[in-house]
Amino acid sequence: MIQSPAALAAPRAEQRAGSSATAPEPPRIELGSPYTPCLANDCVARGGPGQKVAFTFRPGATDTDVVGYEYLLPGQDIWSRKDGSTATVDFVPPRGGTYTVSVRAVDGGGLRGPHSTLAFSVAAGEGPLGRWHFDEDGGAAEDAAVTDGQDDATLHGGAVRDDRGRRGLIRQDASGVPLEEPVTDRGLSLDGTSGFAQTDGPVLKTSSSYTVAAWVRVDPAADGTVTALSQGATGSRSAGKSGPFALSYDAGGEGRWSMRVVSDKDTVHEVSSRRQSPRGVWTHVAGVHDASTQQVSLYVNGVLQGTNAAGAGWDANGPLQIGRGLQSGEYTDHLRGSVDEPVVWGRALTTEEVQDEARALINGTNAYVELVADFAAARADGTSIADTTSGYGKSLSLEGGAAVSDGRIVLDGVDDAATVAGAGPLVDDTGSFTVTTRVELDEQVLATKDVGFVGQILGQRSADGSAWGLWFQYAGKETVLDGETMEEIQVPVGRWHFGRLHTDGTFSSVTSEQVVRLDASARLTGVHDSVDGTISLYIGYNRQGVAKAFTAEAGSGDFAVGKAFAAGEWKHFLPARITEMRLWAGAMAGPNQIDTEVGA
């Protein structure tokens, strides 16, 4: 959060033309309670995320003509202005850490003086009151956050663990040390009728601020409202009531997530997601109840969906519920699907802290990712390629004249393709995901195409076109020296794209940095980061340029290989040979993880 030297560089003291007057002195900066300035050998962390800090700017000891201040708050790279001989500016720290503020004074003649800087440290927010991994061999799900005592959750009815946990194949511990043997993460699978897990008693004080979050995969066959997290209520004060909150999905209607709270006046307050979320895929959802402002907020995949009035909370003394909710004194809304990594805090997290949770980072170079689709041509059986690796059980069907030869899917660029039909998206396209393939283009066929030809390697269909895809665009021919004949020849070249093709033929995509020759296979990997709202493209483990801003569209149709849906029909057939395709829920964190997880 400390500004770069370039951002902090202030001009030297200015002097008015034709005058001996000099610019103001460096101003004084006062820091509001509870924060204190960092000293040379003493930088005590105080306050916490979301706890406002006030800076007061005052003139230097001998300055009498200061009329305003220009300042850089943490995270800014452009100077802001506040008028007055003395000025106060507020800043809300998004997370714990050391921050720096810089300020320079401006006098009545418009001269700016050298800047002053002040560093201060923000304490990390209190950790969660409960977190459950469901990675035990049996019995209760152990609470991994025990600072307030152990709050284990007992599994009931049709609640079982399976090997489809959101953290995927875990290769290192929380500190980044590689494990001797990778561990397959587990999650909680629920049947939608009797399955749930609950603690012995309340984990949250629901009259105060709190945050609840989980990774959830709603089964495509789920119906009605299904609840991922809630808290029960018992006793005369709570008899017949609904629970104080419910983090739910409307499987019987519009397919939207919601965070619903019930105030002490028995009034229901709700905030819903801005658009539909797909089923059968992992989605991160979080609800925040801020008692100080009496507001409730909902986040989906780390993105704020909205904030609404919540009224005053009340203390419900029932146990935390995973997979069902309390309505009018009856437990209902059983979730059909999976829940993993549910976690609750006894405070309102900042947006940045919710985003950190949604990123699922292990450390700066690795994130938890879950393999959700794996189609290898070598496993083909006739015209079908089953995913026998990930555990999600989808199959890729060959179409047209597509066939498998020498461990590769062969596509002619006319009508050959492959699809995972009728299953909806394989990943939550509005969430973070990683996709990879190894592809070899048919150089001879592409040489007959017009310059500008576009073909899709693989991608997800939306209602009216492409949600996202990996593409090839033919750029033309390049003159090269034939290594055997030592004669100059012309070969087709083009560029790889990861992103979306629009109906007008334009791309929202990140592209390969240089034109590529088509005489060898290429390993392509695309990464969508829903928190940053960016896409990245890798060739091998080499990142192409910088991440590009991208607004995701929710996929609703087939996952397709070798073709794309555009302008109401299938087109953009690609002549190529494809060895394999894999998709993960979660954005891989960089080249090191791409190298480790994806491979050559």
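I looked up Phe507 and found a relative accessibility of 18%, so the residue counts as buried (buried is under 20% relative accessible area, exposed over 50%, partly exposed in between, with a 1.4 Å probe and protein chains only). The model is a predicted one, in which local features need pLDDT of at least 70 and side-chain atom pairs count only at pLDDT 80 or more, while totals for chains, interfaces and linings use all residues. Residues are numbered from 1 along each chain as its sequence is written, and side-chain values use heavy atoms, with hydrogens and water left out.

I placed Phe507 in strand β41, residues 507–511 (strands are DSSP runs of E with at least two residues, helices runs of H or I with at least four, numbered from the N terminus). Leaving aside neighbours within four places in sequence, I listed the contacts of Phe507 as Val454, Trp471, Gln473, His497, Arg500, Leu501 and His502 (contact means heavy atoms within 4.5 Å). For Phe507 and His497 I noted 10 residues apart in sequence and 8.4 Å in space, C-alpha to C-alpha.

I then traced an open sheet of 7 strands, in the order β10-β15-β24-β17-β18-β19-β20, with antiparallel pairing (two strands pair if DSSP finds at least two bridges between them). Strands β10 (153–156) and β20 (268–272) each have a single partner strand, so one side of each is left without a neighbour in the sheet. Within this sheet, β18 (residues 245–250) and β19 (residues 257–262) run antiparallel and are joined by 5 bridges. Ser248 stands opposite Ser258 in β19.

I next turned to the aromatic rings and recorded 15 aromatic pairs in the structure (rings of Phe, Tyr and Trp, its six-membered ring, pair if their centres lie within 6.5 Å; planes under 30 degrees apart are stacked, over 60 edge-to-face, the rest tilted). Phe55 lies in β3 (residues 53–58) and Phe120 in β8 (residues 116–122), so the pair ties together parts 65 residues apart in sequence. Both Phe55 and Phe120 are buried. Ring pairs link Tyr35, Phe55, Phe91, Tyr99 and Phe120 into a cluster.

Finally, I checked charges over rings. The charged end of Arg166 sits over the ring of Trp215, 4.0 Å from its centre (the criterion is NZ of Lys or CZ of Arg within 6 Å of the ring centre and within 35 degrees of the ring normal). Arg324 lies over the face of Phe196, at 3.5 Å from the ring centre.
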